[in-house]
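Subject: Structure handover

Dear colleague,

I am passing on the structure below, together with some notes on what was found in it. Please read the notes with the structure open beside them.

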Amino acid sequence: MIRMSIMRIFASFMLAASCVYSYGFQKAFLPSESAKVFLRQQYSSSGLSMHLEDHSLVRSSQIKIRDHLFTSSHSDQSLRLPLTYAIDHAEAIRRAEEKVAMPWAISIQPESPLLYMPFWEWQLSFMKNELKNLRIIPVEEKFVYNENLKKSARIVNMCFSSDEYRKIRMTYYDAGEGCQVFNSLWYPDSKFNLPVLGIDLLAFNRKKHLAVVDFQPLHDQEDMHELLFEHMLAPVKNLYPSLKGKMSAKFYDETKFFSKEMLFARFESESVVNDELADAFQKYVQMHVQLVRDCPEKVSVQAKHDVLARHAAYDTYSADRDPAVGLFATMFGKEWADEFVHDFLFSLSGKLVEASADPSDGITATSQMNTQNSMPISAR
């Protein structure tokens with residue numbers, strides 16, 4: 001009996017030792033999620049591919065998109081890699097879309113079509129495929145998604161940056177048959193003295209439609225930009241008779257921050273959306289990206305500061321005149337609407353832009369509140 005008890009104790013000890021050894025082996029040699037991202041980057045850059053997903057450890061995400069969009073969830077300090085290696089940007093984008101269930105398949109009023117959702121889907125797919133190092137810019141939680149169930153309205157917002165663009169924001173507003181809106185704004189990186197790409201597509205009661213797509217100039221004269229662009233747009237615009245309308249001066253001065261080759265249309269038939277607008281929109285987006293690619297980079301701090309100052313001037317002008325503020329205030333409250341316009345849609349509005357004091361500083365420009373809410377002094 002004593003011999004049998006000793007043998008059982010010895011067997012239990014060996015089993016426990018084996019488990020500890022196995023766990024230590026897994027911790028030491030099986031790749032963590034952040035390590036897998038690092039390895040994936042290293043091998044993809046050398047033209048090789050590796051499949052690191054099929055192991056027995058439970059897959060833990062290195063990125064949480066909840067509360068503040070991005071928080072590191074890797075618990076082992078010894079295995080953490082620098083942030084540049086720990087974040088899988090494609091995965092972050094996928095999770096950000098998943099968080100707000102985009103692209104939506106059904107309207108908040110299920111019997112109504114999501115008229116401009118194909119524009120959202122095409123644009124985001126194009127960005128993923130064509131832009132270098134596309135990544136999410138965290139958005140304040142209150143702006144990511146908002147809804148008014150009593151009035152059957154909801155809004156979703158996402159924001160991105162890439163090597164080519166300082167900021168690309170996307171907004172979709174769905175109020176069923178009453179209103180559909182897709183809005184996007186592409187700001188080139190401050191090393192490019194080029195126009196911003198503005199997209200504003202609206203539909204009201206499936207009867208009244210408004211479309212604006214434009215290379216919105218930063219300067220009053222086209223030749224003040226690094227490259228000329230209106231000659232590229234004119235032949236494309238001429239292909240779409242329905243998009244050659246003239247903008248009203250009710251809200252904006254068409255000579256300020258609008259080009260002569262702007263696509264502009266008011267129409268009643270939804271057929272224009274598919275017959276002309278979709279194709280023209282895609283061509284303008286593609287041409288804008290190509291313009292940025294063709295543009296020589298400005299490396300001086302002052303040149304970048306000057307571009308950011310013009311972005312701030314554009315934002316201030318637009319925020320003060322945006323007619324959508326009233327709609328947002330009605331649906332989501334005035335306080336939310338004002339913050340949304342100034343802190344998300346036009347985030348440099350009412351701010352002064354100052355050049356960095358140190359030319360070697362990685363941050364070439366900073367912004368501070370302009371309490372007078374006037375045009376940035378440096379941009380006057």
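Two strands are said to pair if DSSP finds at least two bridges between them, and that is the sense in which pairing is used in this email. Please also keep in mind that this is a predicted model.

The notes centre on strand β3, which covers residues 153-161 and is mostly covered, with 9 of its 9 residues buried. Ala153, Ile155, Asn157, Cys159 and Ser161 point one way from β3, while Arg154, Val156, Met158 and Phe160 point the other way, and the residues of both groups are buried.

Which strands pair with β3 in the antiparallel sense? One of them is strand β1, residues 135-136, which pairs with β3 in the antiparallel sense over 2 bridges, and here Phe160 in β3 is the bridge partner of Ile136. Strand β2, residues 145-148, also pairs with β3 in the antiparallel sense, over 4 bridges, and in this pairing Asn148 stands opposite Ala153 of β3. β2 and β3 form a hairpin with 4 residues between them, and in its turn Ser152 has a positive phi of about 55 degrees.

Arg169 in β4 is the bridge partner of Cys159, and the hairpin that joins β3 to β4 passes through 3 residues.

With best wishes

Key. Residues are numbered from 1 along each chain as its sequence is written. This is a predicted model: local features need pLDDT of at least 70, side-chain atom pairs count only at pLDDT 80 or more; totals for chains, interfaces and linings use all residues. Side-chain values use heavy atoms; hydrogens and water are left out. Buried means under 20% relative accessible area, exposed over 50%, partly exposed in between (1.4 Å probe, protein chains only).
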